Amino acid sequence: MSTNERQDEVRWLTVEEERAWRAYRRMVIAVQTRTVQDLAAHGLSEPDYEVLSTLSEHPDGSRTLHEQAAKMGWSRSRLSRHATRMEARDLIRRAPDPTDGRGCLLVLTETGWDTLREAAPTHLDSVRRHFVDRLDAEELAMLGRIAEKVADER
């Protein structure tokens, strides 16, 4: 197949499709950049906060490394390396997984709980300031529906 034949088969974006795609990318980058800057005041990265906040959703503050990696869309090895850095800061600890001898649990430490309690108000204010409060209720509902539709793997 020649280059010209491949070019003919490419489904190029229309002007409106490209405009929407680029606007979406700019929005994600802008919101992430701003919220990350606000988390930095607490010495946390966005992945740090994601790990702490999702572990806190469980009453015992723990989740398997496998479950956490899947929730974050990360490989287990990537999360394992990140968890090592968080362990060094006493934000989490690893524990044996009682249901899987090869796996481990990530567990919030007291320092992790305290750090999350201190950072959560800043993060929530940041999300409101840079995202939620810039949209009206109808826009938020529509964006929620769009995000669920795009994220659905069906």
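The model is a predicted one, in which local features need pLDDT of at least 70 and side-chain atom pairs count only at pLDDT 80 or more, while totals for chains, interfaces and linings use all residues. Residues are numbered from 1 along each chain as its sequence is written, and side-chain values use heavy atoms, with hydrogens and water left out.

Ser 62 lies in strand 1 (residues 62–64), strands being DSSP runs of E of at least two residues and helices runs of H or I of at least four, numbered from the N terminus. With a relative accessible area of 9%, Ser 62 is buried (under 20%, 1.4 Å probe, protein chains only). Leaving aside neighbours within four places in sequence, Ser 62 is in contact with Leu 55, Leu 106 and Val 107, contact meaning heavy atoms within 4.5 Å.

The axes of helix 3 and helix 6 come within 10 Å and cross at roughly 105 degrees, axes being lines fitted to C-alpha atoms over the stretch in contact, with angles from 0 to 180 degrees between N-to-C directions. The two helices are therefore roughly perpendicular to each other (65 to 115 degrees).

| Helix | Residues | Residues making the contact |
|---|---|---|
| Helix 3 | 46–56 | Tyr 49, Leu 52, Ser 53, Ser 56 |
| Helix 6 | 110–130 | Gly 112, Trp 113, Thr 115, Leu 116, Ala 119, Ala 120, His 123 |

How values were computed. Parallel < 35°, antiparallel > 145°, perpendicular 65-115°, else oblique. Buried < 20%, exposed > 50% of the residue type's maximum accessible area, 1.4 Å probe, protein only.
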